[in-house]
Amino acid sequence: MKQKNLVLTFVFAIAVLPLFASNPSDKTLSTKAVELVFPELPYAYNALEPTIDAKTMEIHYSKHHKAYYNNFLAAIKETPAANLDLKSIFAEISKQPAVVRNNGGGYYNHNLFWENMTAAKTAPSASLKAAIEKDFGSFDKFKEEFSGAAKKQFGSGWAWLVLGKDGKLFVSSTPNQDNPLMDVVEKKGTPLLALDVWEHAYYLKYQNLRADYVDNFWNIVNWDVVSKRFEKK
Ligand SMILES: [Fe+2]
């Protein structure tokens, strides 16, 4: 009997504990700006094909994302904000010049984005699924709202699933490299799911068909990561 309990405890730990482990991007927010590192891509360039082609992934990560990182560190290193963590910088981003806002956002948003995609089949945790159904009416209605925000964002920007301070989930979009942690954004909260809708994210494969890119994104969402971000709230 004891042995059976031990086995059950072990199985429970394997199944549930990963939900409480933090995602690498969580640490990024509490790290001093000058100590931030350029993260490893969590998979190979071709891992998300056919949804995202290898060439797009390579250019996006090694050129665009790297440039945001380099430019952010260069812009901030001689300023008082160099010793602030990223979360504090975002919370008062209105006091920073555009170069810090654009590149700091670009650095962090892409960290979230890489992390919330995977080739593996995943599903939202029971509590995230219940919260989505409660706050959007149904999972399909949430997907519809998120896809709509991504498709309708005029020009470059991002679509988000966000956990508001009131504990309710909402969908939003932001222009350029803004994100829901920034004080300049109308609807603030903790970002749970990020989708990059800049043309550099999809143009090589999809050309002008952003809607197809957005629809296919659902095939590669890493719900394990999104659920962890939610459970951590
Ligand atoms: Fe991007």
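Modeller: E1 and E3 pair in the antiparallel sense over 6 bridges, where strands are DSSP runs of at least two residues and helices are H or I runs of at least four, numbered from the N terminus, and two strands pair if DSSP finds at least two bridges between them. This is a predicted model, in which local features need pLDDT of at least 70 and side-chain atom pairs count only at pLDDT 80 or more, while totals for chains, interfaces and linings use all residues. Residues are numbered from 1 along each chain as its sequence is written.

Colleague: Which strands stand at the edges of the sheet?

Modeller: The open sheet is formed by 3 strands with antiparallel pairing, in the order E2-E1-E3. Each edge strand has a single partner strand, so one side of each is left without a neighbour in the sheet, and these strands are E2 (169–175) and E3 (190–196).

Colleague: Which residue of E3 stands opposite Trp160?

Modeller: E3 is mostly covered, since 6 of its 7 residues are buried; a residue is buried if 20 or more other C-beta atoms, placed from the backbone, lie within 10 Å of its own, exposed if 12 or fewer, and partly exposed in between. The residue of E3 that stands opposite Trp160 is Ala194.

Colleague: How are H6 and H10 oriented to each other, roughly parallel or roughly perpendicular?

Modeller: Helix H6 (residues 126–136) and helix H10 (residues 223–231) pack with their axes 9 Å apart and at an angle of about 80°; axes are lines fitted to C-alpha atoms, for helices over the stretch in contact, and angles run from 0 to 180 degrees between N-to-C directions. Angles under 35 degrees count as roughly parallel, over 145 as roughly antiparallel, 65 to 115 as roughly perpendicular and the rest as oblique. H6 and H10 are therefore roughly perpendicular.

Colleague: Is Asn176 buried or partly exposed?

Modeller: Asn176 lies in the loop between E2 and E3, and its phi is near 55°, a positive value in a residue other than glycine. Because Asn176 has 16 C-beta neighbours inside 10 Å, it counts as partly exposed.

Colleague: And what about Gln207, buried or exposed?

Modeller: Gln207, which is not a glycine, has a positive phi of about 45° and lies in the loop between helix H8 (203–206) and helix H9 (210–217). With 11 C-beta neighbours inside 10 Å, Gln207 counts as exposed.
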